[in-house]
Amino acid sequence: MTTVTKLAQKSAHPPIIPPDFNANQPKTIRLYPLSNYTFGTKEQQPEEDPSVAARLKRLEEHYGQHGMRRTCEGILICHEHNHPHVLMLQIANAFFKLPGDYLPAVGDEIESFKEKLNERLAPTPDTALAKEEHANEWEIGDTVAQWWRPNFETFMYPFVPAHVSRPKECKKLYLIQLPKTKVLSVPKNMKLLAVPLFELYDNTQRYGPQLSAIPHLLSRYNFEFVDENDNVVSVTPGAGVGAESVPFTKVLAEDQMDDVKFKADDNAVVKPEPNNTINMENDAT
């Protein structure tokens, strides 16, 4: 097997193709290139709580009034050099999180989640970017994970501990299918990063247990990678990209940036510093 499609095949020695090996798998996910998307900035969205302790205190108050908190976050995927990249936010140049937030105490789960995504990533209303196609539309896909908070503390688990009968919070991670083009606007106090799966994998020291588990969660899917001309140029399964085009985490939008159309170039590459790591386990939300 090979990742290279017949359209992109250049070798004079085509690979041997074994029988089909896609039984009982979910539908194939089509990924569009990072350069298809437009990224901009909007007004700051300060954090509600000044500290982790304050956030846990607010969770305790919510639980006392409404019961278990419901939280939804989205895994938005595109590709660069035919390798999946996950879009995530970096806050205060410190910790990372997926787009999303806790839901209101009442209201439909999916519709409330879409409102949270619009609040975080949709362009400001009455602007030129807000008139772009798909600006406020979201295709919410499969639930790929559930994380449970058993007590009023930072630790969350991908299971409910046996001794816990009343968990305090449940966080769902949804796969979100991005359209061919879309406009995303990021609050000025945050950065939007495109992080390759190979950097997330087993990297709990930098990204914490929830984000570093994303490559495991996505391994059940097959991907097809589309170029800017809408041609499928690579598919799952197969080998990795060449050494000359190894992707890195890229800053897509941050403060001091105007609304821009992202174009991949060397100046946009951000290589993570090995000594600048954080432990998300102590600040999981």
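Author: Start with burial. Buried means under 20% relative accessible area, exposed means over 50%, and partly exposed lies in between (1.4 Å probe, protein chains only). Glu-73 has 5% relative accessibility, so Glu-73 counts as buried.

Reader: What kind of model is this, and how are residues numbered?

Author: This is a predicted model: local features need pLDDT of at least 70, side-chain atom pairs count only at pLDDT 80 or more, and totals for chains, interfaces and linings use all residues. Residues are numbered from 1 along each chain as its sequence is written, and side-chain values use heavy atoms, leaving out hydrogens and water.

Reader: How many salt bridges are there?

Author: A salt bridge is a side-chain nitrogen of Lys or Arg within 4 Å of a carboxyl oxygen of Asp or Glu. By this rule the count is eleven.

Reader: Which residue forms a salt bridge with Lys-171?

Author: Glu-73 does, with the closest N and O atoms 3.6 Å apart. This pair links distant parts of the chain, 98 residues apart: Lys-171 is in strand β8 (residues 169–177) and Glu-73 in strand β3 (residues 69–80). Helices (H or I, at least four residues) and strands (E, at least two) are DSSP runs, numbered from the N terminus.

Reader: Is Lys-171 buried or exposed?

Author: Lys-171 is at 2% relative accessibility, so Lys-171 counts as buried.

Reader: What about Lys-172 and Glu-109?

Author: They form a salt bridge, with the closest N and O atoms 3.3 Å apart. Lys-172 lies in strand β8 and Glu-109 in helix α2 (residues 109–121), so the pair ties together parts 63 residues apart in sequence. Glu-109 is partly exposed, at 24% relative accessible area.
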